[in-house]
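Thanks for coming. I will go through one structure, a part at a time.

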Amino acid sequence: MSIPTDLVNRYPWLPSLKLQYSDIADKEPSEFISDLFSKGDSKQISERVLLIFEFAFNNLEDIPNPKDENLSIQVYILLKILIYALNNKLITNRIANLYSKNAYNKMERDNSESDLYNICLDLELRVNFYDPPEKFGIKILKDNRERKITNFTIYYIDYLKLASKLRDDYRKLTHNSLKNGYVYIQNRNLMRLIQEYVRTKILVEETEDKASLKSFLEEVLKIQEFKELYEKIKNIWAKKEEDFDFSFKIDITNKTDILKLYPPCVLEILKKAKEGQNLVHHERLFIVWFLLALEYPVEHVVDIFSTLPDFDREKTNYQVEYAKKKKYTPYQCSTLQSISLCKKEKYKDTLCLEGYGSIEPSERKKLKHPLAYVRIKQYRDEKEGEFLKSKEKREQEESQKKNE
Ligand code: SF4
């Protein structure tokens, strides 16, 4: 079944792009780029693409509406070519997160059940559409009980396929109402699943095949306008990357690079967040409780989540504030081990693997808590600092004596 062309114009990530615009979508990248930059609207397309990169690098959560929606297909294809050309996982994740969030916001703004139904058909999702909507459960908010209604059910296999990377508890199949193998899903939740589809569609693995990337770049960078755009994006990223590195150096003591004090289980989560990868529920809880225990400011904890695919600043802020009020204690090592979040083997960390307290292995104490890791590292850092200072002083005194 073919879907309206207008829908593909508005949502160019739909599979029907290849059918309805095969003259554009099937072109070789270099041919697409040279055609694009030979036309009058190329400046507008470049500006739009550059804006998307800038917004992604600045961690913004929505892209302003384009002046001309008819160019969204060219924008989408050019964006994908640039992602491949830049071959940088951090950039790819940021673009995928922003672009897919924007797709969600657009579906929400358009607020059309028939569009949503057509999108599902095009994605080959097995859905049922109900008009009028069906009642299927009860939402309890404080003292209020409300019947839930929806226009859609989705086949449970398709639901699981799309929801597999979304780790929230409420998305688990056991927490959702089913009817004959179909899951009742509210429109917004369905849009959220489609957002995840868009995100994975944008994600391109960093290529290991450097030779073919090199020959691809040699070919496409011959087109001057594309080269300028590519260089501009690279330059903006180079400046931004320094900021990101800095923002992950959490300075709670003003004296030392705090990252050196963090255990592998924490570094791993920060690394994933920095790359824009999704975090599982336990990772989220642990990193929040851990950073709050070190009196890390709420807004900075919230910022750590800003690169995640499903980031919602207001919601995250509320959750972090709540955790702060409750003063939760971060998981201890044994818990982290049982939920596979301990990374001592991966990072081959001596303190985690061998313990502390004595040179004699049999007398060493086992590390029990990630916060103890920070304290021990901090203590060792200070001792090392003191040792170096007194060594320097001794050497100065000795050289003075020699000169007398
Ligand atoms: S031993 Fe403890 S502190 Fe070290 S990585 Fe494992 S859980 Fe984290």
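This is a predicted model: local features need pLDDT of at least 70, side-chain atom pairs count only at pLDDT 80 or more; totals for chains, interfaces and linings use all residues.

Residues are numbered from 1 along each chain as its sequence is written. Helices are DSSP runs of H or I with at least four residues, numbered from the N terminus.

The axes of H6 (residues 72-86) and H7 (residues 89-110) come within 9 Å and cross at roughly 160°. Axes are lines fitted to C-alpha atoms over the stretch in contact, with angles from 0 to 180 degrees between N-to-C directions. H6 is therefore roughly antiparallel to H7, the word for angles over 145 degrees.

Which residues meet? From H6, Leu-79, Ile-83 and Leu-86 meet Ile-91, Thr-92 and Ile-95 of H7, contact being C-beta atoms, placed from the backbone, within 7 Å.

Next is helix H8, residues 113-122, with Leu-116, Asn-118, Ile-119 and Cys-120 buried, that is, with 20 or more other C-beta atoms within 10 Å of their own, C-beta atoms being placed from the backbone. Just after H8, Glu-124 has a positive phi of about 60°.

Last, the ligand. The residues around the ligand include Cys-265, Cys-333, Lys-343 and Tyr-373, where near means a C-beta atom, placed from the backbone, within 6 Å. Helices H13 (264-274), H17 (333-338) and H20 (370-403) each give two or more residues to this shell.

Definitions and conventions: Angles under 35 degrees count as roughly parallel, over 145 as roughly antiparallel, 65 to 115 as roughly perpendicular and the rest as oblique. Two residues are in contact if their C-beta atoms, placed from the backbone, lie within 7 Å. A residue is buried if 20 or more other C-beta atoms lie within 10 Å of its own, exposed if 12 or fewer, and partly exposed in between; C-beta atoms are placed from the backbone.
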